[in-house]
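Subject: Structure handover

Hello,

Please find the structure below. My notes on it follow.

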Amino acid sequence: MSGKNYVINSKSIKQLEKAFKQGAIEAGNALTLWIGKPITVHLDSITPVPLGESMNLLGQPDVPVCCCIMQLEGAFGGRLALAFSDESGMALSEMLTGISGPTEWGELEKSSALESANILGCAFLNAMVQSAANKDISTVLPSPPSFHRDFAMSLLQGLFLEQAMIADSVLFVRTKFLMEGKTLVWHLLFIPDTLEA
Amino acid sequence: MAGIGNNLPRFVNMGDIVIGNGEDRFSTVLGSCIAIMMFDPTQKLGAMAHILLPHRRASGDDKIGKYADVAIPEMLEQLVKKGCTLRKIWAKLAGGAAMFNASSSFLIGERNLAAAREVLDKISVPVLATHCGGTKGRRALFYPGSGKIIITINGEPEVEI
């Protein structure tokens, strides 16, 4: 990807921990405003994980899950993904549209998920970039999110592909969501391209 | 043999190579990865590998089942050690999707498939069927005692290859 001037590896990702935490806080604030219920987003892990273990991140490998994915360009490349179960996604749609009991992913439900991912992702990235205190990370441009529903392991293979080509462990930032004290089955994954083998 | 006596199929993770017969069943889930399934109809013995990349890196881990170029000869060697005959063995392939239509993803799925075909061609193992490409993940269920393979794409009817 052209224009990249910063490499995120296992060392630098630790240095960015404060920036990720700030990103998570702002993502929670943005989601609270968007949904109208208090939601907090917490940094969960930023540790490299063996590739095999990473395939269980979203639960059972052959269970379908949903994923809204934004490609990142600019100072560094990678992907930002909001992943959730059908049940959690439908609940989100119901909160946003007021239409109760959706059971299938129609255009309205997908649109709710995509807009939520867009708001969440942009808030996360903006706060992260602003608090990074590193002039090399001045611009990160996310693409509009795309909606995918597929087997969990299939989606994870796609997400970690870039890293798997050069390393045996994968590097990512994972957050967890709490709404009114309860853990939501949502995962925000920031997966940088990395040149580290 | 793996999985004998179990009701659930044995899950074949990335980089795994498994051999089975009789009532064994192997399953795996694929995105850009490829499942290589080999079967000897005479011995009624089959093998499944879940490869991730086309070629082994110069430096990297030594789980040879991750790489098409080294996993396939290893499968063949294991089958022959169990009494299979090279000229009787056939292969079928599944996977190799471009999950998000991104250029790199597209390339790696295709490259995995091309590498697998190239190695199989080199060792004269015929590829009888493939279920590859597209932008969707797949679940592959392999019966190594009969060679039967069922492919499921999420939201679509299952198909036998």
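Of the 161 residues of chain B, 48% count as buried; a residue is buried if 20 or more other C-beta atoms lie within 10 Å of its own, exposed if 12 or fewer, and partly exposed in between, with C-beta atoms placed from the backbone. This is a predicted model, in which local features need pLDDT of at least 70 and side-chain atom pairs count only at pLDDT 80 or more, while totals for chains, interfaces and linings use all residues. Residues are numbered from 1 along each chain as its sequence is written, and chains are lettered from A and ligands numbered from 1 in the order in which they are written.

Chain B overall

Chain B has two helices and 10 strands, in the sequence pattern β-β-β-β-β-α-β-α-β-β-β-β. Helices (H or I, at least four residues) and strands (E, at least two) are DSSP runs, numbered from the N terminus. Among contacts in chain B with a separation of 6 or more, 62% are between residues 24 or more positions apart. Two residues are in contact if their C-beta atoms, placed from the backbone, lie within 7 Å.

The sheet in chain B

Five strands of chain B form an open sheet in the order 2-5-4-6-7, with mixed pairing; two strands pair if DSSP finds at least two bridges between them. Its edge strands, strand 2 (17-21) and strand 7 (127-132) of chain B, each pair on one side only. On average, neighbouring strands of this sheet are turned by 15 degrees against each other, direction ignored. For such angles, axes are lines fitted to C-alpha atoms, for helices over the stretch in contact, and angles run from 0 to 180 degrees between N-to-C directions.

Strand 4 of chain B pairs in the antiparallel sense with strand 5 of chain B over seven bridges, where B:Asp40 stands opposite B:Leu45. These two strands form a hairpin with four residues between them, and B:Lys44 in the turn has a positive phi of about 55 degrees. Strand 4 of chain B also pairs with strand 6 (residues 90-95) of chain B, antiparallel over six bridges; there B:Ile34 has B:Gly95 as its bridge partner. Strand 2 of chain B and strand 5 (residues 45-51) of chain B are antiparallel too, over five bridges. Helix 1 (residues 68-81) of chain B lies across strand 2, strand 4 (34-40) and strand 5 of chain B, at about 165 degrees to strand 5 of chain B.

Core and interface

The largest nonpolar core has 109 residues, and those with the most contacts inside it include B:Ile34, B:Ile51 and A:Ala81. A nonpolar core is a set of buried Ala, Val, Leu, Ile, Met, Phe, Trp, Tyr and Cys residues joined through C-beta atoms within 7 Å. Helix 5 (residues 107-131) of chain A gives the largest share of this core, eight residues.

Between the chains, 24 residues of chain A are in contact with 23 residues of chain B. Among the elements that give two or more residues to this side of chain A are strand 3 (64-74) and helix 6 (152-159) of chain A.

Regards
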